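Student: Could you walk me through reading a fold like this one?

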Amino acid sequence: MAVRLRVAFALALLAALPALAQRGEQHMHQRFDDAERWSKVFDDPARDGWQRPAEVIRALKLAPDAAVADIGSGTGYFAVRLARVAPNGRVYGADIGPDMVRFLNERAAKEKLANLASHLAAEADPKLPAPVDLALLVDTYHHVAKRADYFARLRGSLKPGGRVAIIDFRLDSPTGPPVEHRIAPERVRAEMEQAGYRLLEEHGFLPNQYFLVFAPR
């Protein structure tokens, strides 16, 4: 229980102490230094109990040769798992934190995941190096500025039939960022529609988060 509370507190802290905390169409990005320290939070095994990464990845139905972008990849909690289920594909980590990018590239080398590489993204553009079948954002959507513009731009980095999966904390979740920084799933759907997407799927098995999958219209 103490470990789980520590993870919950740290996740709340990530959103409560942004470098820029604003409302509406503004953003609240935080840059992280000391990736080794943050990896103890992001990759804590206690997270698996509510994040359910194996179930999430099964629901995404990725082909072994899929190209996937993990936007806001951090220390690689999802990226390394995605690389293992798409051994013949390519996984691109994208993060605005240089130390996170360094950490994930070193982790990929250490874990012999030649199909995984991380790169430095911009706040307004994930800067994906190649088109992808799937862009995944976990607990990242509420950090994105000018989301309609951001996701309209992201459409150009999707392959034909490509999808965008968004997982973020529900308003009533007992853990996560402060409620005032959370974004209701109804608003996500409206913003993604404005950016030129349609809702493909909605999964309800995560206890604290919504899980929405979109495709360009």
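Student: How many helices and strands are there in the protein?

Tutor: Start by listing the elements: this predicted model has 8 helices and 7 strands.

Student: And what share of the 217 residues counts as buried?

Tutor: Here 55% of them do.

Student: How do I read the contacts by sequence separation?

Tutor: Take contacts between residues at least 6 apart in sequence; in this protein, 72% of those join residues at least 24 apart.

Student: What is the average pLDDT of the protein?

Tutor: The average is 87, and 82% of the residues score at least 70. Watch residues 1-29, though: pLDDT there is below 50, even if the stretch makes 66 contacts in the model beyond near neighbours in sequence.

Student: Which residues have the most contacts inside the largest nonpolar core?

Tutor: That core has 27 residues, and the ones with the most contacts inside it are Phe151, Leu154, Val164, Ile166, Val188, Met192 and Tyr197. Then ask which elements supply it: among those giving two or more residues are helix H7 (147-154), helix H8 (185-194), strand S4 (132-138) and strand S5 (158-169).

Student: What does Val164 touch?

Tutor: Leaving out residues up to four places away in sequence, its partners include Leu134, Phe151, Leu154, Met192, Tyr197 and Phe214. Apart from this core lies another, of 26 residues, with Leu82, Leu113, Leu116 and Phe211 among them.

Technical notes
Residues numbered from 1 in each chain as written. Predicted model: local features only at pLDDT ≥ 70, side-chain atom pairs only at ≥ 80, totals over all residues. Heavy atoms only, no water. Helix = DSSP H or I, 4+ residues; strand = E, 2+ residues; numbered from the N terminus. Buried < 20%, exposed > 50% of the residue type's maximum accessible area, 1.4 Å probe, protein only. Contact = heavy atoms within 4.5 Å. pLDDT = per-residue confidence, 0-100. Core = buried A, V, L, I, M, F, W, Y, C linked by side-chain atoms within 4.5 Å.
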